[in-house]
Amino acid sequence: MDIAMLRDKHPEHWAKATAIRVLAMDAVQAANSGHPGMPMGMADVATVLFSKHLKFDAGAPGWADRDRFILSAGHGSMLLYALMYLTGYKDITLDEVKNFRQWGSKTAGHPENFLANGIETTTGPLGQGIANSVGFAIAEESLRARFGKKLVDHYTWVIAGDGCLMEGISHEAIGLAGMQKLSKLIVLWDNNNISIDGKISLSDITNQRERFAAAGWKVLSCDGHDPADIDRAMTEAKTSDRPVMIDCKTHIGFGSPKKQDTAGAHGSPLGPDEIKVVREIYGWPYPAFEIPADILDAWRKIGAKGAADRKEWEARLNEQSGAKKAEFERQMGLGVPKKLAATIRALKKQASETAPKVATRKASEMVLEVVNPVTPETIGGSADLTGSNLTKSGDLGIFNPENRKGRYIHYGIREHGMAAAMNGMVLHGGVRPYGGTFLCFTDYARAAMRLSALMEIPTVYVMTHDSIGQGEDGPTHQPVEHLAICRATPNTLTFRPADLVETAEAWELALMSEKTPSVLALSRQNLTTVRKTHTARNLTAQGAYILAEAEARRRAILIATGSEVEIALAAREILEGKGIGTRVVSMPCMELFAAQPESYRKKVLPAGPVRVGIEAAVRASWDRWLLGERGVEKKAGFVGMEGFGASAPADRLYKEFGITAEAVAAKVQALV
């Protein structure tokens with residue numbers, strides 16, 4: 001359908017869609033930066049979606065049972081900002097639209113969930129949004145099974161582009177969604193055949209319809225510029241028993257004589273002369289950023305019409321028992337269950353008394369066995385390593401199309417898709433997801449893990465086999481640099497607990513977190529209990545603490561994490577026997593220790609003694625504690641890894657790489 005026909009047959013639709021297009025053109029031009037072509041091309045699809053299908057109330061963007069709209073093609077952010085302004089979202093004003101991509105604006109270059117209410121997720125890294133959407137849909141299914149359709153019954157709508165579908169993560173997401181038959185998930189493919197380099201055929205010949213169909217999706221298509229055809233496809237999509245992909249054939253830069261259907265409309269302004277011509281073609285005589293009152297009023301009515309549905313939903317929520325309503329609101333708000341703290345304390349006390357010798361991955365399983373029953377919002381999973389990660393407790397049940405009350409997901413070998421889906425679950429609300437793989441394979445999940453931190457959401461990553469202690473699988477599976485990478489990521493808590501007690505404390509902190517993701521780095525090999533005196537206080541919350549004090553005059557401080565804490569304690573015995581007073585500091589979380597007051601850090605790491613760090617990983621991330629914080633280089637050392645590992649039993653590897661109590665003692669003696 002061309003512009004003349006569209007204006008003639010659907011004048012009211014045309015006016016509303018054109019408002020989106022001109023705001024996108026004007027904002028990108030004012031910023032001299034951005035992507036006008038996608039909003040111009042998808043304005044018709046978005047107008048039909050928001051006016052006829054999306055369940056939302058712009059005045060209450062946090063309404064729990066709203067439909068979720070995810071702009072996976074985040075470069076087209078002005079499509080979302082225009083819609084939010086036009087429909088009346090409080091956070092996106094016309095001034096914000098004019099301030100697109102500028103310092104301090106809510107209208108960032110790519111949508112950021114924490115800047116404005118109504119932005120469901122942070123997109124821009126292509127493929128992340130469509131992968132998040134799988135998590136949104138899983139959360140909706142899980143909550144509907146737990147609380148019923150009266151409280152939870154909504155769709156997740158996604159606009160994805162060619163770039164999203166070329167990214168590898170889309171394959172993981174599409175396969176998982178198809179297997180799970182997530183029928184409330186509808187993806188609108190902006191099929192415009194253009195990427196930054198030019199036509200898609202330069203790099204890809206994939207038949208996307210057949211690809212989705214092969215993964216178990218229902219596939220529909222429509223003319224992306226014909227509102228009646230778009231409406232037909234969306235209406236049919238909502239009757240599916242599977243996830244749906246709608247192939248929306250569109251023109252990027254729709255209406256631009258010079259740039260329509262070219263890469264020129266993708267990542268740069270149209271230019272003032274071209275915008276003037278496009279305005280004439282659109283029949284839009286208004287100056288930049290001006291939306292006529294009647295068109296704005298029509299959009300505002302669309303933004304407000306969902307208020308009736310919301311009020312009916314609120315009435316249904318208020319009809320629930322007080323306990324059910326409170327529990328629903330607690331879970332949606334990621335509140336901490338009342339029994340969590342007492343449950344953790346009881347397990348810690350038992351661990352200190354019985355002193356089990358277990359791997360911290362096993363310790364994590366022991367925590368989950370007592371925590372999951374009192375935390376009904378947890379949904380666990382693993383990327384095909386359940387028996388190794390030990391992430392499934394006995395009470396969970398498997399989440400699948402036959403059992404939506406199940407709380408354990410078999411993600412398959414999809415580390416990246418798992419991480420992004422978990423992000424979507426947290427963003428949806430009502431779910432505390434955790435997922436496992438080997439620490440080495442955080443490489444596969446890195447982009448989604450980074451977004452967890454950027455989006456300020458408490459996704460939990462259970463990363464086992466955390467060092468050369470992994471053993472015989474060799475250096476391909478033995479992480480050495482990964483702890484440093486996790487610690488280098490802002491707003492991330494990296495826990496490396498030494499025993500069951502510290503593991504329980506780490507889990508408590510991870511499940512209490514509101515805005516920070518957690519990485520639990522856990523051992524394959526069995527470790528002795530180092531915390532043998534029970535304390536109700538969570539010492540891991542301090543990041544580091546004095547585990548064993550010097551008996552002779554203190555001349556050395558050993559700082560260790562995880563599996564190397566027991567090595568530090570053994571080295572202390574050697575050194576004390578030689579008259580060298582040695583303090584052992586367990587440092588399960590560097591980020592939390594860095595956040596402590598200087599007075600506490602000074603108490604744990606005073607000036608004077610020799611300092612040696614011990615960790616079966618590379619030294620990066622250690623120098624602050626060895627050279628800074630009152631330390632000096634000539635009195636500091638590190639016992640750990642300098643390169644990659646090797647294939648052998650763990651005990652042999654520790655000896656060959658010199659990570660032993662004897663090596664630590666020798667390092668201290670040389671420095672003293």
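Predicted model: local features only at pLDDT ≥ 70, side-chain atom pairs only at ≥ 80, totals over all residues.
Biologist: Why does Phe441 count as buried?

Modeller: Phe441 has 16% relative accessibility, and buried means under 20% relative accessible area, with exposed set at over 50% and partly exposed in between (1.4 Å probe, protein chains only). Residues are numbered from 1 along each chain as its sequence is written, and side-chain values use heavy atoms, with hydrogens and water left out.

Biologist: What makes Phe438 buried?

Modeller: Phe438 comes in at 6% relative accessibility, so that one counts as buried too.

Biologist: Why is Ala315 called partly exposed?

Modeller: Ala315 shows 37% relative accessibility, so it is classed as partly exposed. You'll find Ala315 in helix α13 (residues 307-319).

Biologist: Now the rings: how many aromatic pairs are there?

Modeller: The count comes to 16 aromatic pairs. Rings of Phe, Tyr and Trp (its six-membered ring) pair if their centres lie within 6.5 Å; planes under 30 degrees apart are stacked, over 60 edge-to-face, and the rest tilted.

Biologist: What makes the pair of Phe56 and Tyr89 stacked?

Modeller: Phe56 and Tyr89 are 6.2 Å apart centre to centre, with 5° between the planes, and that is a stacked pair. The pair joins distant parts of the chain, 33 residues apart: Phe56 is in the loop between α3 (37-53) and β1 (68-71), and Tyr89 in the loop between α4 and α5 (94-98). Both Phe56 and Tyr89 are buried.

Biologist: Why is the pair of Phe438 and Phe441 stacked?

Modeller: Their ring centres are 5.8 Å apart and their planes meet at 20°, so Phe438 and Phe441 also count as stacked.

Biologist: Which residues form one aromatic cluster?

Modeller: Phe50, Phe56, Phe69 and Tyr89 do.

Biologist: On to helices: at what angle do α2 and α4 pack?

Modeller: Helix α2 (residues 11-31) and helix α4 (residues 77-87) pack at about 120°, with axes 9 Å apart. Axes are lines fitted to C-alpha atoms, for helices over the stretch in contact, and angles run from 0 to 180 degrees between N-to-C directions. Therefore α2 is oblique to α4, since under 35 degrees is roughly parallel, over 145 roughly antiparallel, 65 to 115 roughly perpendicular, and the rest oblique. From α2, Ala19, Ile20, Leu23, Ala24, Ala27 and Val28 make the contact, and from α4, Met78, Leu79, Ala82, Leu83, Tyr85 and Leu86.

Biologist: And how do α22 and α27 pack?

Modeller: Helix α22 (residues 565-577) and helix α27 (residues 661-671) pack at about 55°, axes 8 Å apart. So α22 is oblique to α27.

Note on methods. Helix = DSSP H or I, 4+ residues; strand = E, 2+ residues; numbered from the N terminus. Contact = heavy atoms within 4.5 Å.
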